[in-house]
Amino acid sequence: MSTASLRVALVGNPNCGKTALFNQLTGGRQKVANYAGVTVERKEGRFTSHSGRQVQLLDLPGAYSLEATSPDERITRDVLLGRYPGEAVPDLIVCVADATNLRLHLRFVLEVCRQGRPVVLALNMMDAARKRGIAIDIPALQQRLGLPVVQTVAVKRGGAQALIELVDGYVIPAAIPHESPAPASDLHAEVRSLLAATVTMPRATDSTDDAIDRWALHPVFGLAILALVMFLVFQAVYSIGKPMTDAIGDGVGWIGGLAGGVLPDGPLRGLVSDGLFGGLGTVLGFLPEILVLFLFIIVLEESGYLPRAAFLLDRLMVSVGLTGRSFIPLLSSFACAIPGVMGTRSITDPRDRLVTMMVAPLMTCSARLPVYALLIGAFIPAHRQIMGLFNLQGLVLFLLYALGIVGAMAVGWVLKRSHRDKTEHALMMELPSYRLPKARDIAIGLWERGTIFLKRLTGVILALTVLMWVLSTFPAPPAGAVGPAIDYSFAGYIGRALQHLFAPLGFNWQISLSLIPAFAARETAVAALATVYAVSGGDANTAGLGQALTAHITLASSISLMVWFAFAPQCMSTLAVIRRETQSWRTVALSFSYMFVLAYAASLLTYHLVEWFS
Amino acid sequence: MYLSDLPKGAAATVEHVEDATASDAIAQRLRDLGFVHGEPVRIVTHAPWGGDPLLVQIGSTRFALRRREARRIVVSKEAA
Ligand SMILES: Nc1nc2c(ncn2[C@@H]2O[C@H](COP(=O)(O)OP(=O)(O)O)[C@@H](O)[C@H]2O)c(=O)[nH]1
């Protein structure tokens with residue numbers, strides 16, 4: 001009788017170990033997508049039990065209550081109650097509860113039970129509970145709750161055996177009494193009496209957590225530890241990710257060269273070796289840096305440290321119109337704004353989330369470095385020391401990073417002032433127990449995010465690179481033309497047209513033109529300038545390009561260009577991700593136009609100030 | 001006395017949660033999280049920068065609450 005396929009939904013409070021349990025049951029074979037129209041993740045997987053029963057497992061977003069306060073919780077509620085369009089009502093609800101945190105988690109279990117749907121309870125984290133000497137009388141709990149209760153350890157191989165067996169033999173009951181929703185205090189009273197009758201707990205908290213938090217949350221040491229952690233993450237991204245990025249870029253370029261070699265000379269060959277392989281190399285090249293960054297973010301997330309960082313920084317962030325939770329996405333944005341924008345999903349308040357998404361692209365991402373390196377190398381004297389301490393080039397780079405951060409603070413502050421909706425934003429953030437991250441969960445997390453990143457980006461960047469290549473190749477120069485071919489192409493016309501707009505910032509037509517590919521991917525501005533100035537690209541010739549630049553543009557123009565890059569609306573893929581995450585073109589337009597105005601004004605000011613002084 | 005008035009390390013018992021506005025979703029959520037009459041709470045620590053937010057221990061859970069949120073929670077100080 002148990003051979004029919006069964007639809008099972010996992011629900012539970014945040015941090016109950018639901019994701020780990022889901023991974024354990026499905027072995028990581030899962031389909032991740034979004035619920036229609038919102039950016040709440042929908043995860044579905046399947047497994048076959050011993051007796052051959054097909055189980056389709058849906059992982060619902062974590063929720064504290066069916067009295068939903070966020071889009072995630074609304075989805076959980078609606079799916080559970082069978083009110084979500086396009087989502088079948090689950091045959092069985094598996095409520096997951098953290099056995100070390102039953103005072104909080106049991107209330108939600110009771111709330112779910114009252115909906116009159118078939119429910120079983122999985123008491124997870126039983127290993128941690130046993131270690132802390134928490135004793136739970138399972139038969140008594142089962143009897144009082146009136147539902148099957150099993151114990152699980154989601155992070156141990158075979159730790160979900162009891163749950164699998166339960167599901168295997170589960171017979172959907174005919175009817176379950178639907179109790180009317182009780183006032184909050186009733187549920188709490190019920191939890192208390194349940195706990196009193198079935199659970200003995202020597203100590204409310206974990207002594208290791210208390211010990212770590214004494215340092216990690218200390219007003220002075222806590223901040224010092226946070227600074228150190230951030231420093232290490234940055235170091236790792238640049239020292240581990242960057243070399244791999246460069247290697248991939250070179251490798252793909254080399255393959256592109258080979259592929260180009262077999263093709264006859266002509267536009268097709270240019271498209272394959274410059275357009276396709278060049279573009280593909282750019283996208284793939286970012287993957288290692290992003291994976292290294294994600295690795296650290298996942299480890300920090302899994303360890304339970306990130307909410308502590310958010311706690312320490314909340315006040316600071318609130319004063320500039322953000323929230324403590326913005327810290328994580330903004331940190332990611334230093335590698336690339338795309339994971340940063342995707343990371344804003346962890347911010348529950350929609351307005352806080354929007355502001356964070358708006359300012360995330362102002363953080364100096366790694367793609368801006370090649371441009372800064374070129375301009376600083378060409379225009380800022382290398383051996384000048386400031387006060388005998390700082391190298392002037394390093395100082396300028398630091399100032400450019402600081403410019404982005406200050407800009408983000410200012411924008412956040414302005415958005416906060418100008419927001420019409422002055423209702424309160426709540427924090428109410430749980431600080432979970434510290435845990436040692438498990439390799440398997442890290443691997444699954446990396447895989448998930450890596451594939452999402454690649455899928456999202458290859459499309460956009462490839463299409464744009466091909467378009468850019470077409471624009472700068474056609475039409476071919478007329479016979480007997482003397483100037484570089486690009487002068488006669490569409491790109492040349494566009495560059496000269498754009499110059500009307502950018503001349504006040506001190507940009508000549510070549511620079512104006514290079515801003516177009518920079519919009520697809522910032523670092524391509526360097527390659528574009530190299531093409532335009534007819535200097536062959538590649539690292540060996542960066543110095544040559546630098547000389548060409550110093551011959552053609554002034555110091556004021558170059559500084560103005562750096563400031564432009566600090567604020568400019570870039571890149572295309574970031575805007576595409578913002579569109580995906582918000583499902584709103586209006587937000588994209590707003591974010592593009594405010595950055596354009598900001599960059600234009602700042603560059604204009606910089607250009608004229610530097611002209612004045614020099 | 002409100003939860004926000006307690007010093008670092010102080011323990012107290014929750015009396016009730018006040019609604020700051022009509023049908024206050026934040027107050028409702030606080031009740032759902034366990035801030036109900038008779039529940040013991042303790043201020044674990046304050047964040048740097050003026051002691052906001054607070055870290056509150058309730059049951060086996062620790063919540064970071066901003067002062068504005070904590071000002072909805074009426075508590076009575078324990079004798080011990
Ligand atoms: N010791 C132990 N840790 C667990 C168990 N289940 C989950 N965890 C850890 O608890 C943390 C939160 O789990 P996660 O699955 O992300 O929770 P979710 O928020 O409910 O999805 C992770 O660091 C897990 O590795 C368990 O049974 N025992």
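In the predicted model, B:Pro53 lies in the loop of chain B between α2 (48-51) and β3 (54-58), where helices (H or I, at least four residues) and strands (E, at least two) are DSSP runs numbered from the N terminus. The peptide bond that leads from B:Asp52 to B:Pro53 is cis, and its omega is near -5°. B:Pro53 is also among the residues in contact with B:His46, contact being defined as heavy atoms within 4.5 Å. B:His46 itself belongs to strand β2 (residues 40-46) of chain B. With a relative accessible area of 13%, B:His46 is buried; buried means under 20% relative accessible area, exposed over 50%, and partly exposed in between (1.4 Å probe, protein chains only). Apart from neighbours within four places in sequence, the contacts of B:His46 include B:Leu6, B:Leu54 and B:Arg67, as well as A:Phe311 of the other chain.

Of the area that chain A buries against chain B, 23% is supplied by A:Phe311, A:Glu424 and A:Met428, more than by any other three residues. A:Met428 is placed in the loop between α16 (392-418) and β12 (429-430) of chain A. Although A:Met428 is not a glycine, its phi is positive, at about 40°. The residue counts as buried, at 11% relative accessibility. A positive phi of about 40° is likewise found at B:Ser23, which is not a glycine. B:Ser23 is in the loop between β1 (11-17) and α1 (25-32) of chain B, and at 72% relative accessibility B:Ser23 counts as exposed.

Chain A contains 24 helices and twelve strands. Of its 614 residues, 51% count as buried. Helix α1 (residues 18-26) of chain A has eight of its nine residues buried, so this helix is largely enclosed by the rest of the structure. Among the buried residues of α1(A) are A:Lys18, A:Ala20 and A:Phe22. Just after α1(A), A:Gly27 adopts a positive phi of about 65°.

Helix α1(A) also gives three residues to the shell around the ligand, the largest share. The ligand has 17 residues around it, of which A:Asn15, A:Lys18, A:Thr19, A:Ala20 and A:Asp127 come nearest; a residue is near a molecule or strand if one of its heavy atoms lies within 4 Å of it. The shell divides into seven nonpolar, five polar and five charged residues. An oxygen atom of the ligand lies 2.9 Å from a backbone N or O atom of A:Lys18, and a nitrogen atom of the ligand lies 2.8 Å from a polar side-chain atom of A:Asp127. A backbone N or O atom of A:Glu302 is 3.2 Å from an oxygen atom of the ligand. On its own the ligand has 580 Å² of accessible area, and the protein covers 86% of this; accessible areas come from the Shrake-Rupley method with a 1.4 Å probe, and for residues only the protein chains shown count as cover.

Residues are numbered from 1 along each chain as its sequence is written, while chains are lettered from A and ligands numbered from 1 in the order in which they are written. For this predicted model, local features need pLDDT of at least 70, side-chain atom pairs count only at pLDDT 80 or more, and totals for chains, interfaces and linings use all residues, whereas side-chain values use heavy atoms, with hydrogens and water left out.

Technical notes. Polar contact = N/O pair within 3.5 Å; in protein donor to acceptor, adjacent residues only side chain to side chain. Nonpolar A, V, L, I, M, F, W, Y, C, P; charged D, E, K, R; others polar. Buried area = accessible area lost by both parts, 1.4 Å probe.
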